[in-house]
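Biologist: I have a model open and would like to learn how to read it. Could you take me through its features one by one?

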Amino acid sequence: MKKTLAAFTRWVAVLIVMLAVLLAGPVWMLASDQIVTEGHWSALDRSSAAIAPAPEEVSEAVVQVYAARAYNWRGAFGVHIWIATKAQNADYYRLHQVLSWRRPTVVSSIDTPDRSWFGNAPELLADYRGEPAQTMIPRIADAAARFPYADLYRVWPGPNSNSFIAWVAREVPGFNVSLPITAIGKDYLFDSVFAPAPSGTGYQLSLGGVVGLLVAREEGVEVNILGLGVGIDFMRPAIKLPGVGRLGMPARAMGNH
């Protein structure tokens, strides 16, 4: 009995330590005021970051993927990601994303492609131009319309906005995106346990988005523990930590531009 109790106590201690390590990054992000937690959502910055080419100045097709820290305290843990597309000669961008407060959750609408996400500036993850982008655009729209969990949203472990982006990337040939370690939900594989990495340069194994392993040329090696990821990027040396993101060289925006 004493041995059983001692073993149980050790496992509880290990679990507590593991949770403390995983949550250290998000706690630091909040404590260091790197996350916007004050102000009503309607008053927070939603202006353009001037990253996307103006449609009146560029006639070629454009497909871009952006990530920005999630709204309020959730930004300490992860990012929100969306896809922006502009067809050849079009004078507008269409955004494809999942919004937690909408049903169905998938929203495809004309909007500013690179606007801040409620006070958080966007980061460019992928940039495709010209004929490859033009070919992708209808396929991206079709994949967005076929998303199988448009009536279900779970912040953790998924499906959420990042699960949607990873799913579209796998559905559209040539549309490769390396999603950041802070994209909570990207490892949720729906009814599968094994799938190509969103970058198309490796593979991942995941059990319900709660525990998993990803090995790929672009992402490096990532371990998913309770939905939070840690990893190492070997191509552009960096350590990836929960909440904090990358420590080291910045990631490369995938694409042909």
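Biologist: Which residue stands opposite Met254 in strand 13?
Modeller: Ala126 stands opposite Met254. Two strands pair if DSSP finds at least two bridges between them. Helices (H or I, at least four residues) and strands (E, at least two) are DSSP runs, numbered from the N terminus.

Biologist: What should I know about the model itself?
Modeller: It is predicted: local features need pLDDT of at least 70, side-chain atom pairs count only at pLDDT 80 or more, and totals for chains, interfaces and linings use all residues. Residues are numbered from 1 along each chain as its sequence is written, and side-chain values use heavy atoms, with hydrogens and water left out.

Biologist: In what order do the strands of the six-stranded sheet run?
Modeller: The order is 4-3-2-1-5-13. The sheet is open and its pairing is mixed. Strand 4 and strand 13 (254-255) are the edges, each pairing on one side only.

Biologist: How do I read side chains along a strand?
Modeller: In a regular strand they alternate between the two faces of the sheet.

Biologist: Which helix lies across strand 2 (79-86), strand 3 and strand 4?
Modeller: Helix 3 does, running at about 45° to strand 2. Axes are lines fitted to C-alpha atoms, for helices over the stretch in contact, and angles run from 0 to 180 degrees between N-to-C directions.

Biologist: How do I describe two packed helices?
Modeller: Use the angle between their axes and the distance between the axes. Here, helix 2 (residues 130-145) packs on helix 3 (residues 161-171) at about 130°, with the axes 9 Å apart. The two helices are therefore oblique to each other. The cut-offs: under 35 degrees is roughly parallel, over 145 roughly antiparallel, 65 to 115 roughly perpendicular, and the rest oblique.

Biologist: Which residues make the contact of helix 2 and helix 3?
Modeller: Helix 2 brings Ile140, Ala143 and Ala144. Helix 3 brings Phe164, Trp167, Val168 and Glu171. Contact means heavy atoms within 4.5 Å. Six of these residues are nonpolar, none is polar and one is charged. Ala, Val, Leu, Ile, Met, Phe, Trp, Tyr, Cys and Pro count as nonpolar, Asp, Glu, Lys and Arg as charged, and the others, Gly among them, as polar.

Biologist: How many aromatic pairs does the structure hold?
Modeller: There are 14. Rings of Phe, Tyr and Trp (its six-membered ring) pair if their centres lie within 6.5 Å; planes under 30 degrees apart count as stacked, over 60 as edge-to-face and the rest as tilted. Take Phe147 and Phe190: their ring centres are 5.7 Å apart and the planes are at 80°, so this pair is edge-to-face. It links distant parts of the chain, 43 residues apart. Phe147 sits in the loop between helix 2 and helix 3, and Phe190 in the loop between helix 3 and strand 6 (194-196).

Biologist: How many bridges join its neighbours, strand 8 (residues 211-216) and strand 9 (residues 220-225)?
Modeller: Six. In one of them, Gly212 has Asn224 as its partner. Strand 9 is joined to strand 10 (residues 228-233) by five bridges, with Val221 partnering Ile232. Strand 10 and strand 11 share three, and Ile232 partners Ile239 there. Four bridges then join strand 11 (residues 238-241) to strand 12 (residues 245-248), where Lys240 stands opposite Arg246.

Biologist: What should I look for in the backbone?
Modeller: Most residues other than glycine have a negative phi, and most peptide bonds are trans. Leu226, in the two-residue turn of the hairpin of strand 9 and strand 10, has a positive phi of about 60°. Asp33 also has a positive phi of about 60°, although it is not a glycine. Asp33 is in the loop between helix 1 (2-31) and strand 1 (62-69).

Biologist: Which residues does a cis peptide bond with omega of about 5° join?
Modeller: Gly158 and Pro159. Pro159 lies in the loop between helix 2 and helix 3. The bond from Arg103 to Pro104 is cis too, with omega near 0°. Look for Pro104 in the loop between strand 3 (94-98) and strand 4 (106-110).
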